[in-house]
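This briefing takes up a strand pairing, the sheet around it and a pocket. Please read it alongside the sequence and the model.

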Amino acid sequence: MAGLDWTYGVSTLRQWESADYEPSLPVSEKSNPLTRDIDRASAYSIVKMLQVCDSQMFQKEAGTIYQRLLSDQVVKTLMEVAKRVEVIIKDPQESCVVMSGCGTSGRLAFLISSGFNKALSQLNQSEVYSYIIAGGDRALLSSQEAPEDDPRLGVLNLKKVCEGKKRVLFIGISCGLSAPFVAGQLDFCLQHPEVYTPVLVGFNPAHQARDEPIQDCTFTFHSVVQRMQELAKSQKAFLINPAVGPEAISGSSRMKGGSATKILLEAAFSAAHAATSSNTPITHNGVLQHMMAYERTLAVTYSQTDGITTLVEAAGQSLQCSRHVYYLGWGSLALLGLIDASECSPTFGADYEDVRGFIRGGYRELNNNDGPLTSLGPKFSIAHEDFLHLILPCLTDKDTVLLIYTHSDDATEVGNMARRVREKTPNLHAVYHQADGDTAASLQQDDIKKLCLSTLKITWPQEALVSGTLQHMRELSTKLVLNAVSTGAHVLKGKIYQNHMIDLQVTNTKLYRRATRLLQKLSACPEEKCEEALLKAIYRVDMLTLEMTSSDITTHTCFARNSTKVVPLALVILLTGWSLVEAESHLKQQPIVREAVAQWMW
């Protein structure tokens, strides 16, 4: 298993599996014991921590508490899902596969549907995949947290996509088994079994599904899961929910949750496509081999730890001096850059300009449902031309620019972009994927390499080309690298407290609950006191009114959309007893919470 040769023993790796470890939290919200001091780690140590955390995805089962990614039951369920996809590919009339999710889950639904539709189109077959993301296409590029809480909106979106369809395989993705948007869609599918076969993908055990009431609904996510479990016995619904261990940054499901989502769905779809093209049956071993290719991806990627560390250090230095990180990508790897950049704002409370992604071809290459979104504002300008016109003139040597491409991309074009950037700053780096033995590509790469301060070259063995999984492996590898770069940079900037997202946005019910739990854990104060401090930070008052305390969570989260540093302020108030004004003043002078509190203690 990639990464187990570093500093952790098996007991530490599996500590989170103990019934006594943070027993009140679902797996997806637990803190990872491997990273409890990541906020004090060097760039190299951050990368090694992420490596070992990612390796937890492929740990084998130990006992019967949690099924894992490669568990026999998970592979069997993927086989059955793949068979239903195969049927739809062979008979696409009035049929479709729909993937839906919120945030990262919705973005990956888009990425996966785009890639597999393209594969079908190249074979002159009908495209059968569709995606839904809470908040619509603008959520592909910016945080749209509020729609996650709206199950009726989820149903309306599903009805629109499936209008006129008589057979739908619906795949709802909710890493924590918690999003009301997805719960509403699954409930609708369960009410219409003559058309819909529902599949739920998540990373908590079924009993840990959220059991809180959903506004204006008679069901909870937990009750939906229970109904699906019953129908799964007759294969009328499917639940795919292996545990992959707590995230490196607590609750940040964009990382392992996103990676595991990609692995599971692509393994099922790849098996269906292979069976269709070869007219051979889908087998347990075939699905398992697809999944194990991703395990090899971790080993190939993290063999470049020194190169990843260089990128983390560069990005961290840029953010520390209030400058920016820019991803300039080609093809589907550029989509991973767009996705990674879009997730920094809700995860770290970052400004959209801190980390930005750009793609060759812009919206033409993106090919999203709603088409160009540039009219929505500057954060939706995503083409290389936008970078050249809007960003390049203001670029300094304090900014970090990262080229992301493969040997299949136009080397002349990449070189031209590299030269344009190099005229403005030496702080240019590259992530480059090539196939083993491709000497022609290596020669073309030499000129680009000379322009870059560092080049992370990831070389893929010939068996990856033969197996047909190369593109998916390169995508996962790029995701791992970019997750490390953006996460590591924000850790170095001080956006993490221990291994918790301390500056998260409190813009929906899930995040409000997460914020309250986080304050309890870090302050050791009662829940009531923590929620009181959270509301003071949201409403920016020292004395809460009756109207504030009696309002529901939706009202609080709506107000919080216009508030910044909500959780850091609340935590400082709890730890120090300062007034709101005092807490704001100290955080303005020292924005790193651990340091601000330490100064008070001294």
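Valine 325 stands opposite valine 355 in β7, and the strand β6 (residues 325–329) pairs with β7 in the parallel sense over five bridges; strands are DSSP runs of E with at least two residues, helices are runs of H or I with at least four, both numbered from the N terminus, and two strands pair if DSSP finds at least two bridges between them. The model is predicted, with local features needing pLDDT of at least 70 and side-chain atom pairs pLDDT 80 or more, while totals for chains, interfaces and linings use all residues. Residues are numbered from 1 along each chain as its sequence is written, and side-chain values use heavy atoms, without hydrogens and water.

**Sheet**
- Five strands, in the order β7-β6-β8-β9-β10, form an open sheet with parallel pairing, in which β7 and β10 (454–460) are the edge strands, each pairing on one side only.
- α11 lies across β6, β7, β8 (400–406) and β9 (428–435), running at about 155 degrees to β7 (axes are lines fitted to C-alpha atoms, for helices over the stretch in contact, with angles from 0 to 180 degrees between N-to-C directions; contact means heavy atoms within 4.5 Å).

**Second largest pocket**
- Of the 38 residues that line the second largest pocket, the closest to its centre are Ser143, Ser345, Gly349, Ala350 and Gln505; a pocket is an open set of points on a 1 Å grid over the protein atoms alone, where a 1.4 Å probe fits, with protein on both sides within 12 Å along at least five of seven lines, and lining residues have an atom within 4 Å of a point.
- Elements that each supply at least two residues of this lining include α11 (331–342) and β7 (355–359).
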